[in-house]
Amino acid sequence: MTAAAPQLSPDTEVAIKHLLGVWLQYGGGSFDKQRGAYFFPHQFMSIGEDAADYLISLGLGVDAGYCVQLTEAGAALLNSHLEN
């Protein structure tokens with residue numbers, strides 16, 4: 001998925017990196033090797049649905065049914081967080 005990286009304040013960028021890291025570790029997020037994309041479930045999680053909507057509104061994710069799929073920009077943020 002190609003998407004222009006959104007302009008985020010440094011504080012927002014750090015917060016999103018932490019959100020994605022926590023969601024990956026505790027919320028069932030995963031990397032689908034076959035598709036080469038991260039998916040984060042939000043079904044039956046109102047806070048997860050809110051987080052998914054927020055990521056989508058920033059251009060960092062797209063709706064994939066019961067999951068949000070990170071765009072290239074969203075995956076780049078998460079990867080930079082995981083590398084540190």
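Predicted model: local features only at pLDDT ≥ 70, side-chain atom pairs only at ≥ 80, totals over all residues.

Student: How do I describe a pair of helices?

Tutor: Two packed helices are described by the angle between their axes and the distance between the axes. Axes are lines fitted to C-alpha atoms, for helices over the stretch in contact, and angles run from 0 to 180 degrees between N-to-C directions. Helices (H or I, at least four residues) and strands (E, at least two) are DSSP runs numbered from the N terminus. Here the axes of H1 (residues 10-26) and H2 (residues 46-57) come within 12 Å and cross at roughly 135°.

Student: What do I call the arrangement of H1 and H2?

Tutor: Angles under 35 degrees count as roughly parallel, over 145 as roughly antiparallel, 65 to 115 as roughly perpendicular and the rest as oblique. H1 and H2 are therefore oblique to each other.

Student: Which residues of H1 and H2 meet?

Tutor: Contact means heavy atoms within 4.5 Å. On the H1 side you will find Thr12, Ile16, Leu19, Leu20 and Trp23, which meet Gly48, Ala51, Ala52, Tyr54 and Leu55 in H2.

Student: And how do H1 and H3 cross?

Tutor: Their axes come within 9 Å and cross at roughly 80°. That makes H1 roughly perpendicular to H3.

Student: Which residues of H3 are buried?

Tutor: Buried means under 20% relative accessible area, exposed over 50%, and partly exposed in between (1.4 Å probe, protein chains only). In H3 (residues 72-83), Ala73, Gly74, Ala75, Leu77 and Leu78 are buried. These buried residues pack against H1, strand S2 (37-41) and strand S4 (67-70).

Student: Now the loop between S2 and H2: is histidine 42 there buried or exposed?

Tutor: Histidine 42 is buried, with a relative accessible area of 12%. Not counting residues up to four places away in sequence, its contacts include Trp23, Glu49, Asp63 and Tyr66.

Student: What about phenylalanine 44, buried or exposed?

Tutor: Phenylalanine 44 is found in the loop between S2 and H2 and is exposed, with a relative accessible area of 76%. Check its backbone too: phenylalanine 44 has a positive phi of about 65° although it is not a glycine.

How values were computed. Residues numbered from 1 in each chain as written. Heavy atoms only, no water. Expected span 1.5 Å × (residues − 1).
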